[in-house]
Amino acid sequence: MSPLKIVFRADASLRIGTGHIMRCLTLANTLRQVGCDCLFVTRELQGHLADRIESLGFAVERLPSPDPGYEPSEGPMHAAWAEVPWQQDAAESDAAIAPHKPDWIVLDHYAFDERWEREVGEVDRCGLLVIDDLADRKHCADVLLDQTAGRSEDDYKDLVPASCRVLTGTRYSLLREEFAKARPKSLLNRNRPDICNILVTMGGVDLDDTTSQVLTILSDIGVPDESSVTVILGQNAPNLETVRTTAANVRFDCKVLCDVSNMADLMSQADIAIGAGGTSTWERCCLGLPSIIVVLAQNQSAVASTMSRSGAALVADSLQARVLSDALGRLTPVTFRAEMSETAAAICDGDGSWRVVSQLLGGDLELRPAAAGDARRVFDWRNAIEQESFFLSKDRPTYDQHYRWFDTALKDPQRRILICMVGGYASGYLRLDKTPDNEAQISICLDKFAQGRGIGTKVLQNAEKHAIDMQVERLVAKINVNNHSSIRAFEKAGFRHHAHDGPFAIYQLTIQGI
């Protein structure tokens, strides 16, 4: 089966910023991990990120730079961000996308609405995923994603077709995998007594040079000399040199870093952050980083307000020394920061990108017999499971050892390995091992994008017919007592608790008709 083709239409510029491209790159990376081919279509606006996209291994179709001075006479509130009429963009995007015959188009752009989507979404009748934050215009999407905290399907009730799947809230936040990986360690670091490391992140562009204003205020209000401040900016930020000059003249140690690849590590090491209310808000939440939000754009106001009301962040409603000093004073007690960290961490867990991918790749479930070509994917699935403590054995084989075992297992009439296919994609495996007691030991392993969707239960329910074919009387599962999600899946599939064996619970299912 040929891989799914996904085309992303998004822009970055000095006016737009970098956030739309960056979150699309996050989704594209996740899709690439499950075998999809991803292409970006982006216009060469001032401050575009086409080179950055290509450096990460994605193909790019570049739309031509616009003529200066375009002012829209109609359209969405942010129509000017496209810097060309929507009709022109739709025609040029369509010409760039059509030859690739995509299965899905992902549109992340405030400048376009249902008119653009109708024109371009008709390409080979492919699916259309729209990423939005504003809920201020109509869409004709098949799937709509709005990761804003507090957003609900009702906000789009009159803005999308009845058939549209609406994914709302921070459960679907598009964060790079590094944040989910860094989350456990970062949350353990939130009891440090002093504020020694401050992170300042005002977006990749920071057109108004808010960063320099923040650094100047921090210096004026007397941040301790021993404090260390780290500034993150994009290489295309127009005020980068001004920020560097400001950083060199403050009283505390201040580093300016550009286009970093270890943002999760930097956030984990920070005690607090002062940042904008864009996508990085959810990154900070995932890592439980106490924050002061500075609102840089109108569309960030709702996010800042929600964060403030929930106690997950403080908001500086203006960039004045008094306001910032008061916020820093409130963050001084470690107990206050720890409580804020816990509240923020509950908002976003870092797995949103996988949840979105599972929605795009969802479909009917089938189980097929494993073949020799499945050896590597089965090995990778086992090694990719995060909850390693749930393995029955800590001795993990090398791939050569696994391959030899797998080859033998496929030929063993007392053993059955089945590949779980979801929407045509290999998503995990089910294994049945017949014992002399006329039972079959059952185990299941799902790829990360297939978890949390009820697929495990469906797979287990389908296992019964294979057990009948193997002529066994019972299916027996050995599950770590702390693996609550697996226990729920087995119970929903009809398995019942039978006994305990040390840290494991034994679950059984009696096969009817044997």
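Two strands pair if DSSP finds at least two bridges between them. Helices (H or I, at least four residues) and strands (E, at least two) are DSSP runs, numbered from the N terminus. In this predicted model, local features need pLDDT of at least 70 and side-chain atom pairs count only at pLDDT 80 or more, while totals for chains, interfaces and linings use all residues. Residues are numbered from 1 along each chain as its sequence is written, and side-chain values use heavy atoms, with hydrogens and water left out.

**Strand pairing**

- Alanine 273 has serine 291 of strand 12 as its bridge partner.
- Strand 11 and strand 12 (residues 291-294) run parallel and are joined by 4 bridges.
- Strand 11 also pairs with strand 8 (residues 197-201), in the parallel sense and over 4 bridges; here threonine 201 stands opposite glycine 275.
- Strand 11 (residues 272-276) is largely enclosed by the rest of the structure, because 5 of its 5 residues are buried. Buried means under 20% relative accessible area, exposed over 50% and partly exposed in between, with a 1.4 Å probe and protein chains only.

- An open sheet with parallel pairing is formed by 7 strands in the order 3-2-1-4-5-6-7.
- Its edge strands, strand 3 (59-63) and strand 7 (165-168), each pair on one side only.
- On average, neighbouring strands of this sheet are turned by 20 degrees against each other, direction ignored.
- Strand 2 and strand 3 run parallel and share 5 bridges; arginine 43 has leucine 63 in strand 3 as its bridge partner.

**Nonpolar cores**

- A nonpolar core is a set of buried Ala, Val, Leu, Ile, Met, Phe, Trp, Tyr and Cys residues joined through side-chain atoms within 4.5 Å.
- The largest such core has 35 residues, of which Ile6, Phe8, Leu27, Leu31, Phe40, Leu129 and Leu145 touch the most other members.
- Elements that each supply at least two residues of this core include strand 1 (5-10), strand 2 (37-43), strand 5 (127-131) and helix 13 (352-361). The largest share, 6 residues, comes from helix 1.
- Beyond its neighbours within four places in sequence, leucine 129 is in contact (heavy atoms within 4.5 Å) with residues including Leu27, Trp104, Val106, Leu145, Val356 and Leu360.
- A second, separate core of 32 residues includes Val250, Leu314, Ala316 and Met340.

- Helix 13 is mostly covered, with 9 of its 10 residues buried; among them are Trp354, Arg355, Val356 and Leu360.
- The cover over these buried residues includes helix 1, strand 4, strand 5, strand 6, helix 5 (177-188) and strand 15 (415-422).
- Helix 1 and helix 13 pack with their axes 9 Å apart, at an angle of about 60 degrees. That makes helix 1 oblique to helix 13.
- Thr26, Leu27, Thr30, Leu31 and Gln33 of helix 1 meet Ser353, Trp354, Val356, Val357 and Leu360 of helix 13.

**Two individual residues**

- Aspartate 351 is found in the loop between helix 12 (334-345) and helix 13. Not counting residues up to four places away in sequence, aspartate 351 touches Ala180 and Lys448.
- The C-alpha atoms of aspartate 351 and arginine 244 are separated by 35 Å, and the two residues lie 107 residues apart along the chain.
- Serine 93, in helix 3 (residues 86-97), counts as buried because its relative accessibility is 0%.
- Not counting residues up to four places away in sequence, serine 93 touches Arg9, Leu63, Trp116 and Val120.

How values were computed: Axes fitted to C-alpha atoms, helices over the stretch in contact; angles between N-to-C directions. Parallel < 35°, antiparallel > 145°, perpendicular 65-115°, else oblique.
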